[in-house]
Amino acid sequence: MLKSVERLNHVLTIILNLVYVNFLWILFTIFGLGIFGIGPSTYALVSICRQWVRGNQSMPVFKTFWKYYKESFKESVIISWIYLIGGIVLIVDLMHVANWYVRVALFVISFIYLLSLVYIFPIMAHYNWKGILFKVKMSLLFGFSCLQYSLVLILVTGVIYWAATTFFPGVLTFLGISFLFYLITWTGNQVFTRMETMDAKEIEDNSIYHSAKENWDEKTNGIKVSGC
């Protein structure tokens, strides 16, 4: 009975925290006039979700969000512009291109774009890598190397948000952004942890994995990307 109450309390705490960071994401996106705020807000949201996923539930939410919002501000803005412009171009092309072969090519490019978009912010939050183009390249590698994780994430997210939009549209006001990125961050963490474990086993140095477990809030320097 006591365990059930604790689990319920844990779930409710997570939901309340997601509502809170959803509000912070909207507030700080507006604070950055939209185009300057959406990237840093998303990076801060993913960084906080990463800590929750990895077991750190006790951090002060507002203070931590503000810290991450400032941490990689310039890079987050540039990356958000790259993906926003890319997404707008693809949507406009898909709406106006009539040629069937070109449309098929655009759907393939859109799928590749979506795979990269899923991993780019989790990579920024998790790895201490330098260079925007390198991170974009790695997001593609992760997307294709762990394609099954990516496809399940896209499918599950699509079903959940279709159901929410159809039956409980009001829920999206409070959890629409934060729950989406919690799912993305959880999936990214599964992929990264699996990669790190496989990499540590391959070089017969489990200290890398154990060190990572002891420093949940620290970024990782690098691993070799292989199939999941």
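Analyst: The account below starts with the chain as a whole and then turns to helix 4 and the parts around it.

The model is a predicted one, in which local features need pLDDT of at least 70 and side-chain atom pairs count only at pLDDT 80 or more, while totals for chains, interfaces and linings use all residues. Residues are numbered from 1 along each chain as its sequence is written, and side-chain values use heavy atoms, with hydrogens and water left out.

The chain holds 9 helices and 0 strands; helices (H or I, at least four residues) and strands (E, at least two) are DSSP runs, numbered from the N terminus. Of its 228 residues, 40% count as buried, where buried means under 20% relative accessible area, exposed over 50%, and partly exposed in between (1.4 Å probe, protein chains only). Among the contacts (heavy atoms within 4.5 Å) with a separation of 6 or more, 75% join residues 24 or more positions apart.

Helix 4 comprises the 24 residues 73-96. Its end C-alpha atoms are 35 Å apart, which agrees with the 34 Å that it should span at 1.5 Å a residue; the expected span is 1.5 Å times one less than the number of residues. The buried residues of this helix include Glu75, Ser76, Val77, Ile79 and Ser80, and also Tyr83, Gly87, Leu90 and Leu94. They pack against helix 2, helix 5 (100-126) and helix 6 (132-145).

Glu75 lies in helix 4 and Lys135 in helix 6, so the pair ties together parts that are 60 residues apart in sequence. A salt bridge is a side-chain nitrogen of Lys or Arg within 4 Å of a carboxyl oxygen of Asp or Glu, and a search of the whole structure finds 1. In general, side chains of opposite charge can pair when their charged atoms come close. Both partners are buried: Glu75 has 18% relative accessibility and Lys135 has 4%.

A nonpolar surface patch of about 750 Å² is made by Leu33, Ile35, Phe36, Phe73, Trp81, Leu84, Ile85 and Val89. Patches are made of residues with over 30% relative accessible area and no salt bridge, with like charges joined within 9 Å and nonpolar side chains (Val, Leu, Ile, Met, Phe, Trp, Tyr) within 5 Å. Accessible areas come from the Shrake-Rupley method with a 1.4 Å probe; for residues, only the protein chains shown count as cover. One member, Ile35, sits in the loop between helix 1 (2-31) and helix 2 (38-53) and is partly exposed at 46% relative accessibility.

Helix 2, one of the packing partners of helix 4, contains Ser41 and Ser47. Ser41 is buried at a relative accessible area of 0%, and a polar atom of its side chain lies 2.8 Å from the backbone oxygen of Gly37. Not counting residues up to four places away in sequence, Ser41 touches Trp25, Phe28, Thr29, Phe65 and Tyr69. Ser47 is buried at 3%, and its side chain reaches the backbone oxygen of Tyr43 at 2.8 Å. The C-alpha atoms of Ser47 and Ala125 are separated by 5.2 Å, although these residues are 78 residues apart along the chain.

Notes:
A polar contact is a pair of N or O atoms within 3.5 Å; within protein, one must be able to donate a hydrogen and the other to accept it, and residues adjacent in sequence count only if both atoms are side-chain atoms.
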